[in-house]
Amino acid sequence: MKQSFLIRNPHILVFMGLLAVFTIAVTLMSAYAGSDVISTSFVKTLGKTLCLCLIAIAMDLVWGYCGILSLGHFAFFGIGGYMVGMWLMYERTKEIVATSMAAEALPPTPEEVREGIGTQIFGVVGGAEIPWVWYFADFLSIQLALVVLVPGLLALIFGWLAFRSRVTGVYLSILTQAMTLALSLYLFQNDSGLRGNNGLSGLQNIPGLTDVGQDTISIWFFWASAVALALGYLMAVFFTQGKFGSVIRGIRDDEARVRFLGYNVEGYKLVVFTGTAVIAGIAGALYYPQAGIINPAEIAPIASIYLAVWVAIGGRGRIYGAVIGAAFVSLLSSWFTGGGAPDISLGVYTIQWTDWWLVLLGFSFVAVTLFAPKGIGGLFDLINPAHKGEKS
């Protein structure tokens with residue numbers, strides 16, 4: 001008798017239960033519930049961590065299951081942030097401009113309001129006209145659709161060109177990194193239409209909700225991030241099961257043999273690459289309103305390398321491993337770089353963790369690769385030897 005999906009994957013119920021308890025606990029300890037045990041800034045940090053866990057799932061699907069080491073998925077993450085950030089910044093600026101012009105003797109025309117918005121947003125880069133890429137910035141529904149469409153279309157075009165040429169291995173990784181570098185360099189230019197190095201700011205202010213405090217808004221985004229992570233986890237486990245999951249794991253292990261068996265290898269890789277880019281875009285759209293700002297540095301290739309390190313430390317080829325790795329490294333990074341870790345005095349030299357955190361992260365990655373290739377997720381094998389993680 002065939003077992004049900006949940007019985008075959010008991011880690012789903014464990015993960016969902018832990019996520020639900022975590023979400024409720026954070027809510028009750030937040031300023032939103034009146035207890036103020038957890039600060040609003042830390043609630044945002046936890047919400048951002050959930051978003052990073054979601055993009056880690058996307059990275060695990062494309063690398064841990066399909067064998068494509070993409071060093072460009074954080075570009076899709078950033079694009080999702082830019083798409084929703086444009087609406088947030090435009091609408092919030094529109095409210096400010098309209099309020100300031102309301103005191104004038106004559107009511108402003110739509111053209112004057114638009115000119116004022118352009119000056120407010122683009123004056124920092126020496127401009128006043130609103131670029132064409134902001135054409136739909138006044139429409140939330142369209143910008144939300146672009147959160148999915150723009151990363152998906154970019155991944156589809158790039159993937160089709162790369163996979164049809166049968167570029168694999170380290171060469172494909174270099175190509176994805178080159179794509180990310182080209183995108184970040186373009187966004188650094190003031191004439192890119194996205195304010196160059198200044199990026200988009202003030203994203204924590206939600207238009208139309210000026211009377212709602214950040215303690216409430218932070219919890220709303222925290223809930224949204226938790227729901228997105230739960231759905232992403234469930235979807236990832238579902239697609240790694242059955243025939244589809246077997247084929248992409250086969251591509252990872254022996255691409256030539258899968259092609260010999262008659263499967264459209266390029267098609268499967270394109271579906272995974274594009275689908276995970278969409279997931280990354282959604283994660284970015286939830287992340288940056290909690291961060292409050294996005295600039296081209298967020299899309300730099302190093303960010304995608306960090307993402308691969310998170311998945312490796314957590315244990316690639318295990319969905320829960322990717323989540324563990326992203327959460328563990330992200331929170332540890334916030335602690336070390338935020339001044340939480342005490343400096344260590346060696347007499348002639350003092351180790352300041354804000355400077356040495358990346359060195360520690362690099363050593364951790366090397367140590368995991370050499371001594372614990374299954375990552376933190378592999379510890380579950382020690383607890384239950386009969387369970388060797390997800391089918392891999």
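Predicted model: local features only at pLDDT ≥ 70, side-chain atom pairs only at ≥ 80, totals over all residues.
Trainee: Where is E104 placed?

Mentor: E104 sits in the loop between α4 (73-101) and α5 (110-122).

Trainee: Which residues form the negative surface patch?

Mentor: Patch members need over 30% relative accessible area and no salt bridge. Here the negative patch consists of E104, E111, E112 and E115.

Trainee: Which residues make the nonpolar surface patch?

Mentor: Nonpolar side chains are joined within 5 Å. In this model I344, L346, V348, Y349, W356, V359 and F363 make a patch of about 740 Å². Helix α13 (residues 353-371) gives the most to it, with 3 residues.

Trainee: Where does Y349 lie, and is Y349 buried or partly exposed?

Mentor: Y349 is in the loop between β3 (344-345) and β4 (350-351). Y349 counts as partly exposed because its relative accessibility is 42%.

Trainee: How many salt bridges does a search of the whole structure find?

Mentor: Side chains of opposite charge can pair when their charged atoms come close. The search finds 7 salt bridges. One of the pairs joins E95 and R92, at 3.0 Å from N to O. Both residues are in helix α4, 3 residues apart, about one turn of the helix. E95 is partly exposed at 25%, and R92 is partly exposed at 24%.

Trainee: Which residue forms a salt bridge with D138?

Mentor: K94 does, with the closest N and O atoms 3.4 Å apart. This pair links distant parts of the chain: D138 is in the loop between α5 and α6, K94 is in helix α4, and 44 residues separate them. D138 is partly exposed at 29%. K94 is partly exposed at 30%.

Trainee: Which residues are linked in a network of salt bridges?

Mentor: R166, E255, R259, E266 and K269. Within it, E266 and R259 form a salt bridge, with the closest N and O atoms 2.3 Å apart. The cut-off for buried is under 20%. E266 has 18%, so E266 is buried. R259 has 22% and is partly exposed.

Trainee: What is phi of R166 near?

Mentor: Phi of R166 is near 55°, a positive value in a residue other than glycine. R166 lies in the loop between α6 (140-164) and α7 (169-188). D36 also gets a positive phi, near 60°, and is likewise not glycine. D36 is in the loop between α2 (10-28) and α3 (40-65). D36 is exposed, because its relative accessible area is 51%.

Trainee: How many disulfides does a search of the whole structure find?

Mentor: It finds 0 disulfides. C51 is in no disulfide; the nearest cysteine sulfur, that of C53, is 9.0 Å away. A disulfide needs two sulfur atoms within 2.5 Å. The sulfur of C53 is 9.0 Å from the closest cysteine sulfur, in C51, so the two are too far for a bond. C51 is buried at 2% relative accessible area. C53 also counts as buried, at 2%.

Trainee: How many residues apart in sequence are F5 and F238?

Mentor: F5 and F238 are 233 residues apart in sequence and 8.2 Å apart in space, C-alpha to C-alpha. F5 is in helix α1 (residues 5-8) and is partly exposed at 22%. For D138 and G17, the separation is 121 residues in sequence and 39 Å in space, C-alpha to C-alpha.

Notes:
Residues numbered from 1 in each chain as written. Heavy atoms only, no water. Patch = residues over 30% accessible without salt bridge, like charges linked within 9 Å, V, L, I, M, F, W, Y side chains within 5 Å. Areas by Shrake-Rupley, 256 points an atom, 1.4 Å probe, with all protein chains shown as cover. Salt bridge = Lys/Arg side-chain N within 4 Å of Asp/Glu carboxyl O. Lys, Arg positive; Asp, Glu negative; His and termini not counted. Charge placed at Lys NZ, Arg CZ, Asp CG, Glu CD. Helix = DSSP H or I, 4+ residues; strand = E, 2+ residues; numbered from the N terminus. Buried < 20%, exposed > 50% of the residue type's maximum accessible area, 1.4 Å probe, protein only.
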